[in-house]
Amino acid sequence: MNIQKTYLYGFTIVLFASLNIQCKGNKKDKISEETDTQKMEIATIEKAAYGTTPEGESVDKYTLKNQKGMEVDVITYGGIITSLKVPNKDNVYEDVVLGYDSLAQYINKNPYFGAIIGRYGNRIAKGKFSLDGKEYQLATNDGPNHLHGGIKGFDKVVWTAVAIKGDSTASLKLSYLSKDLEEGYPGNLKTIVTYTLTNDNVLEVLYEATTDKKTIVNLTQHSYFNLSADFSKTILDHEITINADTYIPVDATLIPTGELADVTSTPFDFRAAKTIGKDIEAKDDQLKKGLGYDHCWVLNNENEGFKLAASAYHPESGRLLEIYTDEPGIQFYSGNFLDGTLPSKTGGTYPHRSGFCLETQHFPDSPNQKDFPSTVLNPGEKYTAKTSFKFSVK
Ligand code: GLA
């Protein structure tokens, strides 16, 4: 019932948006170029049916588009960004995120392409943690550990969507109620993730959550980028910066050792722009454990709050992605598990390291690491986190 209402509301907004454009369009014929500009200033949101899950839940796809022509497709299954079109230096808009062509493929086997991750992004050792002396056992789905919310995490549930049109923004508000003890987590957790596309080619992701029992939360977004827009190529030529003096070394199962290591004179130093490929094959115990980069960097926080955390630049296309966040960490994953077997949406398969992720988050295994910033959420408190993906060319 509620869901229907929400869809109806979302649909009405889309309808309103298109009517609005229609009006401006009509005026345009009669008046001047200025009206043309006004028309272009309207961001749009469109909705289309995308498929049905094996459990019979319908999944929709929303397309957010800004005045410049940047376009983001999001499906309600997993809140997955299935396509993200941004310009290159010749103003050619192309899709720069890995993904699939159909819901069936996302359901069948998805290494988290484009998805919202929750309740806990990254790993929790042996899936265990304690709150107020009570031990909780989470699903273990990554060797001995818990990864990215468990067997059926937020990447595999259907979210309720509401489309919201601002004057110059297009937003999609996704909600999901995770029930008490889902995947082993305590508390009914109400989660809202809002994607907002602005006219400055920024995709903002706002995370909000509340609980009715003390719990832990660490939400993130798992898009795999390849700024060349050619998914048959690796991302080794992308130049990365990460604003971090330290990173978090891990054990053989990718659980933090608890130490924060200085990046100076190591392959983990991205304070000055460096291609992903430069040191990725260096003889280094941490690179060996991660099979490449698969680590959390501790963001420098000289300007408390929302800050530039990392950037990725692809010289050939001129595309630059800058990531801002209020989170303390960022997981940089160089697509090491992509092995040429998953089908690409442009034909062929995704080669090894053909996409990279920059996942803003709290540190892995925080519930078991007393010196890491807390990921505990109490009843009456509100969890919020914000990350912006800003696209430009240079
Ligand atoms: C995360 C993890 C990686 C890997 C990918 C998905 O980024 O840190 O180890 O599991 O997700 O394949």
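Which residue stands opposite glutamate 239 in β20? It is threonine 275. This is a predicted model, in which local features need pLDDT of at least 70 and side-chain atom pairs count only at pLDDT 80 or more, while totals for chains, interfaces and linings use all residues. Residues are numbered from 1 along each chain as its sequence is written, and side-chain values use heavy atoms, with hydrogens and water left out.

Back to glutamate 239, then. Strand β17 (residues 239-242) runs antiparallel to strand β20 (residues 274-275), and two bridges link them. β17 also pairs with strand β22 (residues 307-314), again in the antiparallel sense, over four bridges. In β22, glutamate 239 has tyrosine 313 as its bridge partner. A word on terms: strands (E, at least two residues) and helices (H or I, at least four residues) are DSSP runs, numbered from the N terminus, and two strands pair if DSSP finds at least two bridges between them.

Two bridges join β18 (residues 246-248) to β19, with threonine 246 opposite aspartate 262.

On to the pockets. A pocket is an open set of points on a 1 Å grid over the protein atoms alone, where a 1.4 Å probe fits and protein lies on both sides within 12 Å along at least five of seven lines; lining residues have an atom within 4 Å of a point. Grid points are joined across faces, edges and corners, and a volume is the space filled by probe spheres set on the points. Ala, Val, Leu, Ile, Met, Phe, Trp, Tyr, Cys and Pro count as nonpolar, Asp, Glu, Lys and Arg as charged, and the others, Gly among them, as polar.

The largest pocket has a volume of about 530 Å³. Of its 27 lining residues, Pro111, Tyr112, Leu147, Tyr224 and Phe337 are the closest to the centre. The lining splits into 11 nonpolar, eight polar and eight charged residues, and α3 gives the largest share, three residues. The second largest pocket holds about 420 Å³ and is lined by 20 residues, with Glu57, Lys152, Val157, Val158 and Trp159 nearest its centre. Its largest share, three residues, comes from β12.

Then there's the ligand. The table gives polar contacts, meaning pairs of N or O atoms within 3.5 Å.

| Side chain | Ligand atom | Distance |
|---|---|---|
| histidine 148 | oxygen | 3.1 Å |
| histidine 222 | oxygen | 2.9 Å |
| aspartate 294 | oxygen | 2.4 Å |

Technical notes. Polar contact = N/O pair within 3.5 Å; in protein donor to acceptor, adjacent residues only side chain to side chain.
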